[in-house]
Amino acid sequence: MKVGIIGATGYGGLEMLRFLHNHKEVESIGLFTSSEEGTIFSDKFPHLTDLYNVPLQKIDYDALAKYDVVFASTPSGVSSSLFPPLVGLGPKLIDLSGDFRLKDLESYNYWYKKTPAPQEAVNKSVYGLTEWNEHAIRQSELIANPGCYPTAVLLSLLPLLKHKLIDPNFLIIDAKSGISGAGNKPSQTSHFSEANESFSIYKINEHQHIPEIEQAIGLFAGVDTKITFNTHLVPMTRGILATSYAHVTDGVTQQQLIDCLNETYKNHPFVRVIQDANAVGTNQVKGSNYCDIYVKLDERTKRATIIGVIDNLVKGAAGQAIQNMNVQFGYPQQTGLQLVPYFI
Ligand SMILES: NC(=O)C1=CN([C@@H]2O[C@H](COP(=O)(O)OP(=O)(O)OC[C@H]3O[C@@H](n4cnc5c(N)ncnc54)[C@H](OP(=O)(O)O)[C@@H]3O)[C@@H](O)[C@H]2O)C=CC1
Ligand SMILES: CC(=O)N[C@@H](CCC(=O)OP(=O)(O)O)C(=O)O
């Protein structure tokens, strides 16, 4: 199959390439740019010398329409106008940004401060949380790949919410991310001398992933709730660790929480329910498409601590996008994604 990547020069795009390179069904990869047409990819990224000595292509609808699948790994506010003309032209479309995730356009405008995509295209889009939406993904033309934080939060919370083992009313979620989550454009907050040796909170109670998490909890767990969600920047490159705190419902035991997670994910190769508290950390998933989940009930307070761990660039972006492509095209979900975590 032929795969096109818009935004190939960004972190998500580069990560897509790393996995697609080893995907046995992928015959060719087109690399598209809005700013560097003609640049030889390996000149810009010498680690790809001899692998991709090919020119970056201009974003052009006639060219894109010839691909079997097109990924947009572009900043929010780009695919909202770039993708709609491609709907129905042939390629399956997978968007890594937030542009097609929120069904309510006013909400998108409020949280992203950008003009939303046309309602018709948003209506067509399918939320690509693979483990929870496989049936719809298989039939979809346009996938809204989930945000990095929502992936870690939702995979860990949804089973317990759906089975009413935790109280949805007082969910407090405390998430931390490595700096690659902010993309490749340098900024004040990602500046080495300001981020290194520091641990900071940002977008307090204003993160754009709040409505996405609430919407998905409604869709997959059937619960209408408002969450408290905060995000922190950790001076490391990759990884997200999201810790949620929730009251368990009356009489729920640690074993029930574990059984629920194990049962939910028993046939899902990329979700691992972790038993050993010492094995909960971003190094355990780094470079891989795994989401590790851990739960521990505090018998004293009757509150559970629920943890989801991912590599933001893989399960939180490129890996999940390829997993969704595999589902769309009927390939085994693991195709091209079976990399062992780096660990160190
Ligand atoms: N980084 C992460 O961990 C995650 C990112 N995401 C989302 O995925 C998307 C990509 O993220 P990431 O790769 O980190 O971002 P980057 O900033 O690293 O890369 C984005 C790329 O988009 C291209 N681009 C910029 N403006 C335009 C435009 N107007 N039209 C077309 N292309 C444009 C640029 O390439 P060029 O100049 O060559 O066109 C750039 O390299 C974002 O929406 C992000 O929020 C989602 C989950 C996790
Ligand atoms: C560390 C860091 O800055 N992370 C980014 C993740 C952005 C992102 O993925 O934005 P989408 O909504 O387009 O998915 C953030 O918190 O905004």
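Helices (H or I, at least four residues) and strands (E, at least two) are taken here as DSSP runs, numbered from the N terminus. In this numbering, Cys148 is placed in helix α8 (residues 148–162). The structure is a predicted model, in which local features need pLDDT of at least 70 and side-chain atom pairs count only at pLDDT 80 or more, whereas totals for chains, interfaces and linings use all residues. Residues are numbered from 1 along each chain as its sequence is written, and chains are lettered from A and ligands numbered from 1 in the order in which they are written.

An unreviewed UniProt entry annotates Cys148 as "active site"; such positions are given in the numbering used here, feature names are shortened, and annotations may be inferred rather than shown by experiment. Cys148 is buried, because 28 other C-beta atoms lie within 10 Å (buried, 20 or more other C-beta atoms within 10 Å of the residue's own; exposed, 12 or fewer; partly exposed, in between; C-beta atoms placed from the backbone). Neighbours within four places in sequence being left aside, Cys148 is in contact with Ser177, Gly181, Ile240, Asn312, Gly316 and Ala317, contact being defined by C-beta atoms, placed from the backbone, that lie within 7 Å.

The protein is divided into domain 1 (2–124) and domain 2 (148–312), with bounds that come from an automatic or database domain assignment. The C-alpha centres of domain 1 and domain 2 are 27 Å apart, and nine residues of domain 1 are in contact with seven residues of domain 2. On the side of domain 1 that touches domain 2, helix α5 (residues 105–112) provides the largest share, three residues.

Ligand 2 is surrounded by residues that include Ser76, Ser97, Cys148, Ser177, Gln208 and His209, a residue being near a molecule if its C-beta atom, placed from the backbone, lies within 6 Å of it. Both domain 1 and domain 2 give residues to this shell, so ligand 2 lies between them. By class, the shell has three nonpolar, nine polar and no charged residues (Ala, Val, Leu, Ile, Met, Phe, Trp, Tyr, Cys and Pro count as nonpolar, Asp, Glu, Lys and Arg as charged, and the others, Gly among them, as polar).

Most residues other than glycine have a negative phi. Glu197, however, has a positive phi of about 60° and is found in the loop between α9 (192–195) and β9 (200–202). Asn205, with a positive phi of about 55°, is found in the loop between β9 and α10 (209–221). Glu197 is exposed, with 8 other C-beta atoms within 10 Å, and Asn205 also counts as exposed, with 8 C-beta neighbours inside 10 Å.

Notes
Contact = placed C-beta atoms within 7 Å.
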